[in-house]
Every structure is written in C-alpha cells, then in structure tokens.
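I opened my notebook and took a slow walk through a protein model. Here is what I looked up, in the order I got curious about it.

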Amino acid sequence: MTKPSILVARAVFPEVIARLGQHFEVEHNQADASWTRDELVARLQGKVGVFTTGGERIDAAVLAACPQLRICANMAVGYNNFDLPAMTAAKVLGTNTPDVLTETTADFGFALLMATARRVTESEHYLRAGKWTKWAYDMFAGSDVHGSTLGILGMGRIGQGIARRGAHGFGMRVIYHNRSRLTSDLEASCKASYVSKEELLRTADHLVLVLPYSASSHHAIGAAELALMKPTATLVNVARGGIVDDAALAQALRERRIAAAGLDVFEGEPKVHPDLLAVPNVVLTPHIASASVPTRRAMADLAADNLIAFLVNGKPLTPLNPEVLG
Ligand code: 8YV
C-alpha cells in the first residue's frame with residue numbers, strides 16, 4: 001500500500017523525520033531558508049499534511065491551490081500564520097503545540113526580564129569592547145526585580161508561569177490584564193491581581209507581554225501606551241512581533257521615556273527595525289523563548305504526533321478547529 005505524502009516545511013530533528021517516515025512519504029525542507037509562498041504551494045501538491053513551524057502562511061489562496069491538503073500541524077503554540085476560518089471552511093484541520101513549551105518560555109521571559117532590568121548584555125558589550133578600566137558607583141546600575149511590581153499583559157498558560165516565578169521566586173507584586181479574568185483559584189496560585197490595561201501600564205515596574213497576536217492585538221503597545229508607562233519601567237515581549245509598534249518603542253527608548261526593553265520577537269522578523277538596533281537600552285534575541293533542546297524536541301514530537309494521529313486514526317491530539325472532524 002502506498003503511504004500518504006506529507007511535507008515538512010522546515011528542517012527539524014532527523015529522529016522526528018524518521019518517525020514520520022514510518023507512516024508517510026515525507027518531503028523535507030532541509031535547506032537553511034524557508035520556501036517562498038509559491039514554492040510552498042508547488043511542494044504541497046499531492047500532500048495531505050504539512051508540518052509548519054509558524055512562519056508559513058496558510059490562507060484561503062494556499063488552501064484553494066492545494067485541494068488535497070487535510071491537516072496543517074504547527075510546531076508552535078501561536079498559530080497566527082493560519083487563517084483558521086479559511087481552514088475550517090476548506091475542512092482542513094489545524095493543530096498547535098500547547099503546554100509542552102509553557103515552562104521553558106516562562107523561564108526565558110524571566111531571563112529576558114532579568115537581563116533587561118540589570119543591563120546584562122549592555123554591560124557585556126562594554127566589557128568585551130575593552131572599555132572596563134575602573135569601578136564606578138553608577139556603572140550599569142539598573143532596576144531591581146525582587147520586590148517590584150510585575151505587570152503581565154495576556155494571562156494564558158505562559159503568563160501564569162511568569163507570574164508564578166515573579167510572585168514565588170522574587171517576591172514581586174503581580175498585576176495582570178487579560179481579555180477575561182482568571183478564576184479566583186488561579187489568581188491565588190499566581191498571587192496575581194486583575195487590573196485595567198491603563199492601570200497595568202501606569203503601575204508596572206516590569207511589563208511582560210504574553211498575549212496572542214491577532215488583528216485586535218496589533219500594536220497593543222504603541223506610542224500612547226508607552227507614554228503611560230513609568231520612565232523607570234522595562235518592557236519585555238516574548239509574544240509576537242506586531243503586538244508592539246517597534247518604531248514607537250525605539251523612539252521611547254531613545255528618549256528614555258521608558259528605561260529599557262527586552263525583545264524576543266519583532267515586526268517583520270527576522271528583520272529587526274534599524275532604530276531598535278541603534279539604541280543601547282534594549283536586549284534583543286532571535287525568537288528563542290521556547291528554544292531549550294528538550295522543549296523544541298517535545299514541540300516537534302507533538303506536531304508529528306498530531307499528523308500521525310489524525311491521518312492514521314482521525315484523532316488529533318491538540319486540534320484548533322475540531323469542528324472539521326465532525
Ligand atoms: C516557536 C513560538 O519557536 O510557539 C510559538 O508560538 O513562537 C515559538 O515557540 C516558533 O513559532 C517556531 O516554531
């Protein structure tokens with residue numbers, strides 16, 4: 001019997017490709033670069049499933065050009081690369097990788113917060129450049145993390161992980177804003193209090209963004225929101241590029257209207273706004289919040305398991321639009 005054909009749109013663990021190969025004919029992008037949209041559509045011809053990594057846009061035009069496609073399995077918890085209503089209309093299943101990356105991403109959110117508040121990369125660049133010749137009382141003096149007010153915008157699983165770290169590990173007062181309020185049990189476990197977005201912006205010493213990207217969260221942090229923040233505040237984004245207006249943020253950092261920022265995601269990444277590259281008070285990382293070896297492997301395994309479970313027995317593990325299973 002011939003095996004169904006699937007596409008793996010980016011290079012991933014060889015062990016995961018081998019496992020997929022037990023069930024499917026696998027075409028695998030082993031190049032360093034992602035395929036263009038036209039190339040993706042050409043490669044998708046005759047494929048019933050595709051393993052995506054968050055950068056491949058699956059919309060109505062792609063779906064219309066690939067009528068055999070039945071499942072898109074994202075190796076990411078975020079799925080703003082999917083036009084989910086169009087996928088549902090075309091009866092194409094989408095899956096993502098929730099839970100397996102929560103703690104690792106929360107760890108990184110905290111790492112970025114610490115590095116930003118305590119000016120870790122800025123001071124390392126100074127040292128590496130051979131500029132460290134003497135002690136000075138104010139050399140790279142930053143802001144405290146312990147005992148300060150941690151603000152979280154978007155209080156899903158990762159936001160709660162960051163809240164727990166702040167409250168239990170660093171004695172921070174935690175405030176949050178979210179589309180919906182957490183249950184009182186969850187609020188108690190995170191020691192977090194619900195506030196309006198305006199109060200969050202005005203009060204937080206360290207504001208961490210962990211909300212999903214959609215049309216309604218586009219530029220959720222722009223010039224007006226930055227203007228409400230304390231001049232001593234730091235901003236951390238481990239969510240998605242596009243949630244922050246990067247040009248407005250670079251201007252606020254340049255004019256020291258906020259103290260510093262830590263960014264793992266960018267509008268138009270992997271390109272980074274040149275104005276952000278030009279300011280010293282920002283820590284920049286290349287979208288690696290989930291990148292521990294075990295977590296990336298767990299994400300790849302879950303995406304592969306979704307393809308296998310759906311295409312072999314019709315029962316995906318983490319469906320985004322289960323109505324297509326009906
Ligand atoms: C991924 C992410 O690394 O899960 C997400 O939503 O942003 C990251 O964990 C990225 O999407 C590539 O898979």
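These are my entries, from the whole fold down to single residues.

**Entry 1: the whole protein**

I reminded myself at the start that this is a predicted model. I looked up the secondary structure and found 13 helices and 12 strands in the protein. Then I checked the dimensions: the C-alpha trace spans about 75 × 50 × 35 Å along its principal axes. Does the radius of gyration agree with that of a compact globule, or disagree? For 326 residues a compact globule would come near 20 Å, and the protein has 21 Å, so I noted that the two agree.

I also looked up burial, and 41% of the 326 residues count as buried. Next came the contacts between residues at least 6 apart in sequence: 65% of them join residues at least 24 apart.

**Entry 2: around the ligand**

Which residues surround the ligand? I listed Thr-53 and Gly-54, then the run Met-75, Ala-76, Val-77 and Gly-78, and finally Leu-101 and Ser-290. I sorted this shell by class and got four nonpolar residues, four polar ones and no charged ones.

**Entry 3: two helices side by side**

I turned to helix 1, residues 14–21, and helix 13, residues 293–313. Their axes are 10 Å apart, and the packing angle is about 10°. Angles under 35 degrees count as roughly parallel, and therefore helix 1 and helix 13 are roughly parallel to each other.

Which residues meet there? From helix 1 I wrote down Val-16, Arg-19 and Leu-20, and from helix 13 Ala-300, Asp-301, Ala-304 and Leu-307. The residues of this contact divide into five nonpolar, two charged and no polar.

Is Ala-304 buried or exposed? It has 24 C-beta neighbours inside 10 Å, so it counts as buried; the cut-off for that is 20 or more. Leaving aside neighbours within four places in sequence, Ala-304 touches Val-16, Arg-19, Leu-20 and Phe-51. I also looked up Arg-70: it is 234 residues from Ala-304 in sequence, and their C-alpha atoms are 14 Å apart in space.

My other alanine was Ala-248, placed in helix 11, residues 246–254. Ala-248 has 19 C-beta neighbours inside 10 Å, so it counts as partly exposed. Setting aside neighbours within four places in sequence, Ala-248 is in contact with Gly-222, Ala-223 and Leu-226. The C-alpha atoms of Ala-248 and Leu-226 are separated by 8.1 Å, and the two residues are 22 apart along the chain.

**Entry 4: backbone details in the loops**

Where does Lys-91 lie? I found it in the loop between helix 4 (84–89) and strand 5 (93–95). With 14 other C-beta atoms within 10 Å, Lys-91 is partly exposed.

Lys-191 was my next stop, in the loop between helix 8 (184–190) and strand 8 (192–194). Lys-191 is not a glycine, yet its phi is positive, about 50°. I counted it as partly exposed because 15 other C-beta atoms lie within 10 Å.

My last item was a peptide bond: the one from Glu-269 to Pro-270 is cis, with omega near 10°. Pro-270 lies in the loop between strand 11 (260–263) and helix 12 (274–277).

Key:
Residues numbered from 1 in each chain as written. Predicted model: local features only at pLDDT ≥ 70, side-chain atom pairs only at ≥ 80, totals over all residues. Near = placed C-beta within 6 Å. Nonpolar A, V, L, I, M, F, W, Y, C, P; charged D, E, K, R; others polar. Helix = DSSP H or I, 4+ residues; strand = E, 2+ residues; numbered from the N terminus. Buried ≥ 20, exposed ≤ 12 C-beta atoms within 10 Å, placed from the backbone. Rg over C-alpha atoms; globule rule 2.2 N^0.38 Å. Contact = placed C-beta atoms within 7 Å. Axes fitted to C-alpha atoms, helices over the stretch in contact; angles between N-to-C directions. Parallel < 35°, antiparallel > 145°, perpendicular 65-115°, else oblique.
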